[in-house]
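These are my notebook entries on one protein chain.

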Amino acid sequence: MGGRSRTLAVALLLAPLTLGCARPPAPTRLNWAFGQEPADLRPWSRPDAATLPLRRLLYRGLVDEDSAGRAIPAGAARWEVSADSLQWTFHLRPSLRFADGTPCLATDFRRAFERALRGEAAGSALWLLWSVDGADRFRDRPADGLAGVECPNDSTLRLRLSRRDPLLLAKLAHPLCAPVSPRDRDTLAPAGLGPYRRAWVEPGRRLVLAAARGAFTRGAFDTVVVELAVRAHRLRDGLREGRYDLAWPVPSGALDQPLPGPYRERRLVARDAPWLLLVFRCDLPPTSK
């Protein structure tokens, strides 16, 4: 019995050593064929459908949306709404940091709103923030600041609305409302709060994103390698060789011939009648006339 006990004790002592020597999981990588050369990826630049998926990998705002379209915490850990729905108070996550390690403060979100309202996508930003007090006057008087945004302290952001907006949380999840690191804002893809950070940029050819370990959420892959401006023949060769895992947007002419190997084109019909929300930009015809 004593020998059996000693054997069990030795086995228990060796178990942590055995587990500690286990091999770490192999790094995962997503190879993405991007069928055009993306425009500026900075969140306040003009939005377009092709680059929106890339921007969502790099940037997060106060809230995010899950796969069902429900608002979930992102930069803000929680929020409170007044009884009349005209005051929203967001409490940031403790020790919130950008992908480059810079602390993210409430004033960074206010700067993000103001930068979007005076940038090239000001029309889209105004639609997102139209209910915030002073947003409609900000472009004419930017020196006065955005009146409806207050920062009582570094971890609290308060929005005062001039009118109720039931879509406010969904709008705040748009990358246009996302802050970037103040020490990295002038690059093509500045550091944000998203699950990935810019690891390497080769303009016109390749963008490499690495999982941002310190972010509030982890990416599904350790690395995302985006090959830019992929033409139809190159995409087909890459699919045939198994070099790409994802192709979006698909370059013109890529689907004129049958897809190679195990790839196939599949089209599905929505089971339920979907809602389509059309929003006209106020800074373009005909709504500007």
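**Entry 1. A pair inside the sheet.** I began with Leu207, whose bridge partner in E10 is Val226. The model I am reading is a predicted one. The two strands concerned, E9 (residues 206-211) and E10 (residues 223-227), pair in the antiparallel sense over 5 bridges. I then checked how far E9 is covered, and found that 5 of its 6 residues are buried.

**Entry 2. Confidence.** Before going further I looked up the pLDDT values. The mean for the protein is 84, and 85% of the residues reach 70 or more. Residues 4-19 stay under 50, and the model gives this stretch 0 contacts beyond four places in sequence. Where pLDDT is low, the predicted coordinates should not be read in detail.

Entry 3. I asked in what order the strands of the open sheet follow one another. The order is E8-E9-E10-E1-E11, five strands in all, with mixed pairing. Strand E8 (196-202) and strand E11 (246-247) are the edges, each pairing on one side only.

On the E8 side, I traced E8 and E9, which pair in the antiparallel sense over 6 bridges. Tyr196 stands opposite Ala211 in E9. The two strands form a hairpin with 3 residues between them, and Gly204 in that turn has a positive phi of about 80 degrees.

At the E11 side the sense is parallel: strand E1 (residues 29-33) is joined to E11 by 2 bridges. Strands of a sheet pair through backbone hydrogen bonds, either parallel or antiparallel.

**Entry 4. Arg198.** Next I examined Arg198, which is found in strand E8.

I listed its contacts beyond four places in sequence: Leu58, Asp184, Thr187, Ala189, Pro190, Ala191, Leu207, Val208 and Leu209. The side chain of Arg198 makes a polar contact with the side chain of Asp184 at 3.3 Å. A polar atom of the Arg198 side chain also lies 2.5 Å from the backbone oxygen of Ala189. I also recorded the C-alpha to C-alpha distance from Arg198 to Val224, which is 9.8 Å for 26 residues of separation in sequence.

**Entry 5. Helix H7.** I turned to helix H7 (residues 232-240), whose buried residues are Ala232, Leu235, Arg236, Gly238 and Leu239. Why do they fall on the same side of H7? They cover an arc of only 160 degrees around the axis, so they are on the same side of the helix. On the other side, His233 and Arg240 are exposed. The cover over the buried residues of H7 includes E1 and E11. Just after H7, Gly242 takes a positive phi of about 70 degrees.

**Entry 6. Helix H3.** Helix H3 (residues 106-118) has 13 residues and reaches 19 Å from its first C-alpha to its last, close to the 18 Å expected at 1.5 Å a residue. Its buried residues are Ala106, Asp108, Phe109, Ala112, Phe113, Glu114, Arg115, Ala116 and Leu117. I looked up what covers them and found, among others, strand E5 (87-92), helix H4 (122-128), helix H5 (135-138), strand E6 (149-153), strand E7 (156-160) and helix H6 (168-172).

**Entry 7. Backbone exceptions.** I searched for residues with a positive phi that are not glycine. Ser95 has a phi of about 55 degrees and lies in the loop between E5 and H3. Ala229 also has a positive phi, of about 55 degrees, in the loop between E10 and H7. I then compared their accessibility. Ser95 counts as exposed because its relative accessibility is 69%, over the 50% cut-off. Ala229 counts as buried because its relative accessibility is 16%, under the 20% cut-off.

Last, I checked the peptide bond from Trp248 to Pro249, which is cis with omega near -10 degrees. Pro249 is found in the segment after E11.

Conventions: Residues numbered from 1 in each chain as written. Heavy atoms only, no water. Pairing = 2+ DSSP bridges. Helix = DSSP H or I, 4+ residues; strand = E, 2+ residues; numbered from the N terminus. Expected span 1.5 Å × (residues − 1). Buried < 20%, exposed > 50% of the residue type's maximum accessible area, 1.4 Å probe, protein only. Contact = heavy atoms within 4.5 Å. Arc of directions from axis to C-beta. pLDDT = per-residue confidence, 0-100. Polar contact = N/O pair within 3.5 Å; in protein donor to acceptor, adjacent residues only side chain to side chain.
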